[in-house]
Amino acid sequence: MHSVMNTLMDGAVAADLSLMKRVAAGDKHAQRVLAHRLAARVGRISQRLLRNRADAEDAAQMALIEILRSSGTYKDISSIERWADRITVRTVLRHARDQRRKPWHFSSLVDVESLGAAPEEPAQSEETARPVEDYLQELPAARREVLVMKHSLGYTTEEIAELTDNPVGTVKDRLVAARKQLRKLITRDARVRARDLEKTS
Amino acid sequence: MSEAHNGFEHWATLMDRQAAGEQLTAVELAFCERFASEHPACREELVVYEQLASDLDVQPNEASRALVDATLKRMEAEEAKSAFAELGLLRKRRVPMLALASAVAAVAALFTLYLHRAPKREDSDLRMAQSVPVSRVELVYASGQVQVAGEAATVGRTFLREGSVIETEEGSACVLIDPDINVCLAARSRLRLSQITSNARRLDLLVGKASTRLATQPEGMSLSIVADGIASTAVGTAFSVERSADGRAVVTTVLNGKVRVGHADDTRIVTAHERSVVLGSRADLTSVSRVEEAPSWALLGPTVLWHDPVSATLELHGTPVQAQALLDDQLIGVAPLSSLIPVGSHHLVVRNGEQVLIDRELHVTAGETAEIAYALPAPAAPTPDAVTKLDAPAAKLDARSNEQNAKLLTKEQLAPAPALPEEPNSAQAPKTAAQWLAEARKLMREGRFAEAASSYQTIMQQFPDTETARTVLVSLGQLQLVQLQAPELALHSLDNYLTRGGSLAEEARVARIHALSTMHRDADEAAAIDEFLVKHPRSLEAAALRARLATLRGVR
């Protein structure tokens with residue numbers, strides 16, 4: 001059983017390497033195959049890192065192009081997805097930096113869209129009233145980025161520091177601040193929901 | 001503080017430490033596990049993190065397929081462009097010296113000829129002016145209350161001439177100036193067409209905000225929007241000019257291309273995605289984000305309706321005013337509305353909040369005017385909307401086959417409107433606040449900000465005593481501030497919230513500070529920051545706001 005698994009794994013790795021070599025050689029069909037394999041994931045990461053939908057779509061396209069163009073640098077030490085994640089994060093963050101060159105203007109506005117706006121009736125899910133994307137939308141960019149890199153992509157604080165060109169201490173501070181703000185949002189949602197429920201009953 | 005509260009604080013601190021990479025002790029881990037299992041608040045938080053970690057591996061879907069197509073196309077275009085550029089460079093390098101020498105000789109010969117034959121400068125200018133055809137200037141869009149020279153304005157019937165003043169109340173208006181200059185005026189604005197027949201066209205922004213998009217102008221022609229003596233002169237571009245509420249600052253935001261901004265002898269070039277703020281003798285240049293540009297682009301949104309010179313006119317009016325009009329699923333404005341539209345078939349929807357007043361196909365031919373009236377249906381027997389075709393009797397208006405509540409009428413048939421039989425399935429349960437809220441969120445995600453604002457307002461009107469109605473004031477305030485770029489309205493919403501109080505006071509105060517900043521009310525902004533720092537000294541925004549306060553005090 002063990003050897004069968006190993007054989008399958010080796011086969012998958014070899015197939016991935018072969019795919020990436022074909023992409024690097026400019027094989028249009030291979031490019032399309034790789035793009036289809038990664039597009040949904042790249043799109044989701046971009047959407048989570050950026051608040052603006054149009055920016056996210058633009059950044060996702062740029063990230064996919066970067067991935068296709070960097071295919072020659074792929075080594076089989078990690079999965080294609082993990083390798084592509086780093087390129088996606090770097091590209092999207094670069095895009096985000098270009099978009100916000102002003103130090104304090106609107107970027108620090110917490111989008112409270114629907115913050116206190118919990119449903120009038122009990123939420124369908126007993127546990128959370130809102131999808132996680134809604135919460136992410138409400139965090140300032142720097143906090144949202146570290147939160148996504150930590151909890152969606154599983155990077156360590158050191159890896160995040162490297163990807164964002166920030167000191168580890170800054171990353172830790174932002175991560176804790178992001179978690180505190182998220183907690184505040186979740187707690188507030190629950191409180192408002194309870195109050196409205198009380199009124200309607 | 002209760003024991004449970006202290007426990008939650010302790011649990012949260014431990015979880016944050018762990019997330020930041022710290023190893024917890026076995027005792028701490030055991031506490032976290034036990035506490036979370038007993039407290040729903042912890043569970044809610046953990047579920048959010050589980051969601052964050054779990055669903056990155058989404059299956060390919062329509063959106064991802066579209067992303068792939070767009071990406072590959074973009075990549076191909078970029079490669080073709082770079083190949084073309086390379087080719088161009090190579091060709092340049094291969095220009096033979098002989099050809100270069102011939103060109104120099106030819107230019108020299110032409111210049112000599114010019115020196116002998118060129119007329120005097122005045123004659124030349126006169127000839128240039130004569131060669132430029134007289135500009136056509138037209139009102140092509142009027143949404144809400146729009147006046148020209150004090151009279152209510154209608155597309156196709158209001159004549160614009162040099163010196164005309166266009167004024168908007170709650171609504172917007174656009175004029176089209178040959179060749180291909182679109183100028184749109186925001187709500188509560190006033191614009192004078194000061195010079196439109198000379199090569200140097202000049203529009204004076206007396207109050208409010210105007211955005212413009214124009215094609216590259218012919219040699220020798222220019223367009224300037226002047227506000228308080230500050231001219232913003234286009235060089236083939238899109239930009240907006242706005243006067244602050246107190247009239248002291250002139251803000252020019254460049255969306256595309258370049259604009260020369262300043263007084264006659266003291267100008268600077270502002271390029272795309274930059275904003276110039278001129279306040280007295282002080283001029284600042286800053287970068288602007290896409291989000292900040294969005295309201296200026298939105299103001300230019302209707303210009304897509306008259307790209308094609310072969311157009312028809314849509315006139316829409318009725319009660320209630322401010323009903324939203326959607327043409328082919330795009331919001332084109334609020335009623336009363338008068339606009340050029342492309343000829344052909346369209347899908348027209350008019351709605352008041354969530355209530356659909358008109359939903360039908362509309363077919364218009366070149367030059368015709370479709371006048372459409374609507375009314376709120378009576379509760380028991382809904383009144384149908386009515387349509388009158390004024391200028392083209394042969395034009396065809398097709399009712400949608402599945403449309404039950406709309407009927408086409410001639411103008412004579414308009415009153416009294418006949419009642420339609422009630423639809424057995426038409427009785428819908430009224431929406432709850434939560435449903436309105438979900439609708440507002442959806443509209444926000446889709447970038448349909450004016451409609452989202454309308455949904456928020458519906459919550460406030462229909463559910464005034466709920467917590468939700470109170471908290472959406474903050475959402476609405478932010479929406480008015482950022483997306484709709486209406487800081488005065490935002491200030492009103494936020495002040496309304498803060499007067500009543502609530503748990504979003506911190507966020508409301510931050511937004512309020514931004515609103516005051518946008519309106520360049522420095523002293524009020526400084527006072528608002530002072531108040532914020534007293535009330536929320538440990539806020540995550542405090543450091544940035546202290547820095548802002550120092551800048552403000554330094555400036556003053």
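**Pocket and cavity linings**

The lining of the second largest pocket holds eight nonpolar, six polar and twelve charged residues. Here Ala, Val, Leu, Ile, Met, Phe, Trp, Tyr, Cys and Pro count as nonpolar, Asp, Glu, Lys and Arg as charged, and the others, Gly among them, as polar. The model is predicted: local features need pLDDT of at least 70, side-chain atom pairs count only at pLDDT 80 or more, and totals for chains, interfaces and linings use all residues. Residues are numbered from 1 along each chain as its sequence is written, chains are lettered from A in the order in which they are written, and side-chain values use heavy atoms, without hydrogens and water.

Volume is the space filled by probe spheres set on the points, which are joined across faces, edges and corners. Of its 26 lining residues, K180(A), Q181(A), K184(A), E9(B) and E506(B) are the closest to the centre. α8(A) gives the largest share, ten residues (helices are DSSP runs of H or I, at least four residues, numbered from the N terminus).

The largest cavity has a volume of about 50 Å³. α9(B) gives the most to its lining, four residues. The largest cavity lies between domain 4 (308-413) and domain 5 (433-555) of chain B, because both give residues to its lining. Those bounds come from an automatic or database domain assignment.

Definitions and conventions. 1 Å grid on protein atoms, 1.4 Å probe; cavity = no way out; pocket = protein on both sides within 12 Å on 5 of 7 lines; lining within 4 Å. Helix = DSSP H or I, 4+ residues; strand = E, 2+ residues; numbered from the N terminus.
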